[in-house]
Amino acid sequence: MLKFIDVSTHKFGHRADGQPPRLLIIHSTDMPTDTSLEMLTRNPREVSVHYMICPKGMVYRMVGEDKRAWHAGKSYWRGASDINSASIGIELVWPADREASEDEIPGPFPQPQMDALLELAQGICTRWNIKPEDVLAHSDIAPGRKRDPGPRFDWKQLAAAGLAWLPARPYPMPPTGDITLLLARYGYDVKDEEAALRAFQMHFRPAMVNGIADSETRSLIQALLLKTGR
Ligand SMILES: [Zn+2]
């Protein structure tokens, strides 16, 4: 059973054209709970989010799901650049009790936090009919600029709950040719090709994030294109 704490903030707006959310974006904060709360609710900076989950699994509810929170920043997915209007955002407080250092890779995330995320995401995806393939990392929609929630975020737990889709072996034959076109077709901003590849690998092949279009990476992107018919 989820434990909610309601925290009010004025930091939100209306979704462009009143569109319903169709993406769910997962973040991590790089800050402890108190600092994150201050930043997301009272700090004058234009950053906010619908939900934040602390390491023990408490869920802070800050912006209504029908409203536009300011969590995506400059971002892009499948032709859209106003991702805040198109999405609901969830921040995972990480690390638990300190600021993250500049080059620190987020994760692993505590199980009580993951359990709360699974339950919260299940409700959101059901309410708004958000598809598993449309549950994304902040890094997916802002390659190179954002790294959260990082390669140690456990997408397998989301996939097991039907909240994400990961390719299963055997993978299809690796396609030849320019992989940038395939990443773009799937939805990534490919202005920086290596950054897009790293973002893709962080989500779909976290064991080796190297920005190189090797055959396994090619097979994985092919599997996703086949699965989603893109
Ligand atoms: Zn983020």
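This is a predicted model: local features need pLDDT of at least 70, side-chain atom pairs count only at pLDDT 80 or more; totals for chains, interfaces and linings use all residues.
1. Six strands make up an open sheet of mixed pairing, and their order across it is β1-β5-β4-β7-β3-β8. The edges are taken by β1 (4-6) and β8 (135-137), each of which has a single partner strand, so one side of each is left without a neighbour in the sheet. From one strand to the next, the twist averages 25°.

2. The partners of β7. On one hand, strand β3 (residues 23-28) runs parallel to β7 and is joined to it by 6 bridges, with Leu23 having Ser87 as its bridge partner in β7. On the other hand, strand β4 (residues 51-53) is also parallel to β7 (residues 87-92), to which 3 bridges join it, and here Ile53 has Leu92 as its bridge partner.

3. The burial of β7. This strand is mostly covered, in that 6 of its 6 residues are buried. In a regular strand, side chains alternate between the two faces of the sheet. In β7, Ser87, Gly89 and Glu91 point one way while Ile88, Ile90 and Leu92 point the other way, and all of these residues are buried. A reader checking the model may wish to look at Glu91, which is among the buried residues of the strand.

4. The nonpolar core. The largest nonpolar core comprises 57 residues, and those with the most contacts inside it are Tyr51, Ile53 and Leu183. Both domains take part in this core, since at least three residues come from each of domain 1 (4-160) and domain 2 (179-228). Of the residues named for their contacts, Ile53 is also the bridge partner of Leu92 in β7.

5. The surroundings of Leu183. When its neighbours within four places in sequence are left aside, Leu183 is in contact with Tyr188, Val190, Ala196, Leu197, Phe200 and Ile221.

6. The α6 and α8 pair. Helix α6 (residues 179-186) packs against helix α8 (residues 215-228) at an angle of about 35°, the axes being 10 Å apart, and the crossing of the two is left-handed. From α6 the contact is made by Ile179, Leu182, Leu183, Arg185 and Tyr186, and from α8 by Arg218, Ile221, Leu224 and Leu225.

Definitions and conventions
Residues are numbered from 1 along each chain as its sequence is written. Two strands pair if DSSP finds at least two bridges between them. Helices (H or I, at least four residues) and strands (E, at least two) are DSSP runs, numbered from the N terminus. Axes are lines fitted to C-alpha atoms, for helices over the stretch in contact, and angles run from 0 to 180 degrees between N-to-C directions. A nonpolar core is a set of buried Ala, Val, Leu, Ile, Met, Phe, Trp, Tyr and Cys residues joined through C-beta atoms within 7 Å. A residue is buried if 20 or more other C-beta atoms lie within 10 Å of its own, exposed if 12 or fewer, and partly exposed in between; C-beta atoms are placed from the backbone. Domain bounds come from an automatic or database domain assignment. Two residues are in contact if their C-beta atoms, placed from the backbone, lie within 7 Å. A crossing is left-handed if the near helix is turned anticlockwise from the far one by less than a right angle, and right-handed if clockwise.
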